[in-house]
Amino acid sequence: MSVKPLLNAFRDYLSLRDEPVIREWLDGFDWNLSERNLVPKTYSACGFLTAAQEHAGRAEAALLSRLIDCSGQVQWQQMYTAEDFGQSFLDNYTHMELIGPEGHFMSDEIAAGLVIYGPGLDYPDHWHIAEEIYIPLTSDGLWSADGAPLAARKAGSFIFHESNMRHAIRAGGAPLVALWVWCNGDLRQKADY
Ligand SMILES: [Fe+2]
C-alpha cells in the first residue's frame, strides 16, 4: 500500500518552514517521486507513536498523525546493531527513510524521513559526512551538537548539524519523534561514533 499521504504531509510541513537551509535544499525539489513497493517492517519502538501524540507541537501534529496512519505500511529500519549501543537502544529506537536512495520514494539528492526514540533513550555522540536537519515533532527531548551540553528543544525547533559535527540526543520522559533530512554527503552512510 502507498505511503503517499505521509509524503504529502511531509512536503506540506516543510513548505511552511522558512529556514534558509530548508529553502536551499527544497525550493525547486521535485516532489513527484517514484514510490518503491517496500515490504513493511516494524520494531518495538513503533509502539511509542501513539503516546507521542500528546507531546506533539501544534504545527507538527498533522504530520505525526499521518505517520501513525501509515506506520503499518512503513519499512522501519535500524542503522545499528546491539554491538553498537546495546539491546536496550535497539528496543527504543527505529527510523524510516521516506525519501532517499533506499527510501519509500527514490531520490539521490536528499535522504529524509522520521525517527522514534523511546522515553529516556540515550543516543551518544555520533557523526556523519552528510549535513543534517532535525526538527522534533514532540517536545521533551534533549539535544547536543559539537560537544555542547544537552539542552531541551521544543517541538518545531530547527536543529542543523554540519558535516561530521558530532551530536547526541536524549529522550525525556515522553517518546521523541523527529523529522530528519540529510544532504550533501554519502546518503547511505552508517553514522560513526
Ligand atoms: Fe545525525
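Predicted model: local features only at pLDDT ≥ 70, side-chain atom pairs only at ≥ 80, totals over all residues.
Tyr123 stands opposite Ile169 in strand S9, strands being DSSP runs of E with at least two residues, numbered from the N terminus. S4 and S9, the latter spanning residues 167-171, pair in the antiparallel sense over three bridges; two strands pair if DSSP finds at least two bridges between them. Residues are numbered from 1 along each chain as its sequence is written.

The pair S4 and S9 belongs to an open sheet of four strands in the order S4-S9-S6-S7, with antiparallel pairing. Its edge strands, S4 (122-126) and S7 (151-153), each pair on one side only.

Let me turn to the helices, which are DSSP runs of H or I with at least four residues. The axes of H1 (residues 4-15) and H4 (residues 61-70) come within 9 Å and cross at roughly 165 degrees; axes are lines fitted to C-alpha atoms, for helices over the stretch in contact, and angles run from 0 to 180 degrees between N-to-C directions. H1 and H4 are therefore roughly antiparallel to each other, a term for angles over 145 degrees.

Finally, is Glu132 buried or exposed? Glu132, in strand S5 (residues 131-136), is buried, because 23 other C-beta atoms lie within 10 Å; the cut-off for buried is 20 or more other C-beta atoms within 10 Å, and for exposed 12 or fewer, with C-beta atoms placed from the backbone. The C-alpha atoms of Glu132 and Met165, 33 residues apart along the chain, are separated by 9.5 Å.

Notes: Parallel < 35°, antiparallel > 145°, perpendicular 65-115°, else oblique.
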